[in-house]
Amino acid sequence: HEFASEKILVFYEHWKKQRLRETFTFEESEDFFLFCLRNLKSQCIKQVYVVIDGKLVGFAWGIAYKSGNWIGLHLKVDYSIKGLSRFLHQERAKLFADLDLFTLGTGAHEKGIDSYKQELGPVIEKKYYYVLTGNIPKN
């Protein structure tokens with residue numbers, strides 16, 4: 001439930017290279033990821049990591065929210081390991097077993113992520129919109 005920040009960053013760079021493209025929310029997400037990494041302890045972020053043969057292959061972070069529910073902050077996996085993201089969702093949920101609901105946020109307009117989140121069987125969906133200012137990455 002803890003891991004060295006330097007090794008998390010090495011894995012994060014590997015995770016980024018697996019992605020086919022950056023979405024319009026990627027820069028925002030990366031800034032938030034780095035904030036969470038720097039503040040894992042001070043923000044009481046619960047963590048779960050998977051290591052295979054001494055190598056980090058995935059992790060999931062979450063945090064309890066003042067509403068009495070919890071939020072899934074980040075989940076990153078080595079895409080070559082089938083079923084790992086589902087396993088990490090389950091293991092992270094165990095850390096918050098005493099809370100009723102959680103949120104995962106957007107699928108960032110990526111069909112795979114959107115369909116994966118639908119397969120998890122959400123009990124509530126809330127629509128929201130982004131207002132983009134400045135430069136928008138070309139995909």
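Start by selecting Cys36, which is buried at 2% relative accessible area; buried means under 20%, exposed over 50% and partly exposed in between, with a 1.4 Å probe and protein chains only. Before going on, know that this is a predicted model, where local features need pLDDT of at least 70, side-chain atom pairs count only at pLDDT 80 or more, and totals for chains, interfaces and linings use all residues. Residues are numbered from 1 along each chain as its sequence is written, and side-chain values use heavy atoms, leaving out hydrogens and water.

Now hop to Cys44, in the loop between helix H2 (26–38) and strand E1 (46–52). Helices (H or I, at least four residues) and strands (E, at least two) are DSSP runs, numbered from the N terminus. Is Cys44 buried or exposed? Exposed, at 59% relative accessibility. Check its backbone too: Cys44 is not a glycine, yet has a positive phi of about 55°.

Next, pick Asp53, in the loop between E1 and strand E2 (55–64). Asp53 is exposed, at 82% relative accessible area.

Last stop: select Ile124, in the segment after helix H4 (111–119). Ile124 counts as exposed at 53% relative accessibility.
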